[in-house]
Amino acid sequence: MPLYFLKKERVMHNANENRYENMVYNYSGKSGLQFPAVSLGFWHNFSDIDDMSNARKIILHAFDKGITHFDLADNYGPPGGAAEKNFGRIFHKELSAYRDEIIISTKAGHPMWPGPYGNGGSRKHMLASLDQGLKRMNLEYVDIFYSHRYDPETDLVETMSSLVQAVRQGKAMYAGISNYPPDVAKKAFKILNSLGTDCVIHQVSYSMMNRQIERGLLDVHKKYNVGCIVFSPLAQGILTDKYLNGIPKDSRAAKDHGWLKREQVTDEKINKVKQLKEIAKERNQTIAQLSLSWALRDENIVSTLIGASRISHIDDNIGAIENLSFTPDELKRIDKILNFL
Ligand code: NDP
């Protein structure tokens, strides 16, 4: 008998039937697309130097818990491109039967290859990067294609029209932007609208440790009715119990390739986290849960985009949705701890 008849049939992941029961889904602005209140990002923990059996467990566990959105970018690694490649492999082995239940996003705009077309917001770079990403993930399309950053060297119309072109070509379902300052975001929303493809979401940094978007950007979102997905809502792990007793060996801050540096884990920040822990306790939450529910309190913030290095992080973090409301007194106490009063 030829050997290929003896080959074991590939078995896909059998997803948890109750996966939609305990997640909250929010519409993004005027779009019909709903995002899970907790989404999973691939910036760390899915590179060529990470443990792929752990990465596989995290992806499958997240999907089983109702996390339907996986966020990537061309440059996530190391090396750049590795997260897309590794995600693609796991996805095709385990989850491709569920493709229509999953939002996969990717982004372009940061340096990827040498020369004038390897970076930025030109049509040349944006569409070449998307093509490379689709190949790495072995996908026909992504759900959201983002401009990863505003490129002041390129006319905004060119960057926005490259997103629209990707949508028209069927390589992306929706267009998004990331890290745009308020005045440019406003222009981007208008251009995209005039080109017939509204911005589905803006991906920005937001946490108790970084409240920059409260200074104008959230108002722009309200005015144009565009949703936000907020990245690093746990300040890369600082807004959890992880660093309360020093820097653990296996933490992001201890890893050479991690973007969180040891010196960013300051006593001042940890003192604040210790005070926040008291409020979390009163609300029957962990610090991570308090941080995520706090980040979701603005109606235009539709999803918190977390990272996870183990499946227990997923379980802890999705627990945030069990207590999403805050009393004015709790918010005042949090502001005081964060020196926002
Ligand atoms: P977080 O703030 O959620 O930090 C994630 C890290 O925090 C984990 O890797 C883990 O660190 C730790 N952690 C998570 N949950 C817990 C928990 N319950 N208890 C203890 N520790 C926990 O987000 P990220 O900074 O990872 O960013 C998330 C995603 O946002 C990225 O993957 C990416 O998709 C996106 N992003 C987008 C950017 C952009 O420019 N558009 C920029 C940055 C991120 P450890 O590894 O130490 O265990």
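The model is predicted: local features need pLDDT of at least 70, side-chain atom pairs count only at pLDDT 80 or more, and totals for chains, interfaces and linings use all residues. Residues are numbered from 1 along each chain as its sequence is written.

Q: Which element gives the largest share of the shell around the ligand?
A: Elements here are DSSP runs numbered from the N terminus: helices are H or I of at least four residues, strands are E of at least two. A residue is near a molecule if its C-beta atom, placed from the backbone, lies within 6 Å of it. The elements that give two or more residues to the shell are β10 and α9. The largest share, three residues, comes from α9.

Q: Which residues come nearest to the ligand?
A: The shell around the ligand has 30 residues. The nearest of them are G41, W43, F231, G237 and G307.

Q: How many residues of the shell around the ligand are nonpolar, polar and charged?
A: Ala, Val, Leu, Ile, Met, Phe, Trp, Tyr, Cys and Pro count as nonpolar, Asp, Glu, Lys and Arg as charged, and the others, Gly among them, as polar. On that scheme the shell splits into ten nonpolar, 16 polar and four charged.

Q: What covers the buried residues of α9?
A: A residue is buried if 20 or more other C-beta atoms lie within 10 Å of its own, exposed if 12 or fewer, and partly exposed in between; C-beta atoms are placed from the backbone. In α9 (residues 311-318), the buried residues are H313, I314, D316, N317 and I318. Contact means C-beta atoms, placed from the backbone, within 7 Å. The cover includes β3 (38-41), α1 (52-64), α8 (287-295) and β10 (301-306).

Q: Is α5 roughly parallel or roughly antiparallel to α6?
A: Axes are lines fitted to C-alpha atoms, for helices over the stretch in contact, with angles from 0 to 180 degrees between N-to-C directions. The axes of α5 (residues 182-194) and α6 (residues 217-224) come within 9 Å and cross at roughly 20 degrees. Angles under 35 degrees count as roughly parallel, over 145 as roughly antiparallel, 65 to 115 as roughly perpendicular and the rest as oblique. Therefore α5 is roughly parallel to α6.

Q: Which residues of α5 and α6 meet?
A: The contact of α5 with α6 divides into six nonpolar residues, no polar and one charged. From α5 come P182, A185, K186 and F189, and they meet L217, V220 and Y224 of α6.

Q: Where do cis peptide bonds join G77, P78 and P79?
A: Most peptide bonds are trans. The bond between G77 and P78 is cis, with omega about 5 degrees. P78 and P79 are also joined by a cis bond, with omega about -10 degrees. P78 and P79 lie in the loop between β4 (69-71) and α2 (82-95).

Q: Is N45, with a positive phi, buried or exposed?
A: Most residues other than glycine have a negative phi. Phi of N45 is near 80 degrees. N45 sits in the loop between β3 and α1. Because 22 C-beta neighbours fall inside 10 Å, N45 is buried.

Q: Is A235 buried or exposed?
A: A235 has a positive phi of about 50 degrees. The residue lies in the loop between β9 (227-231) and α7 (267-282). With 21 other C-beta atoms within 10 Å, A235 is buried.

Notes. Contact = placed C-beta atoms within 7 Å.
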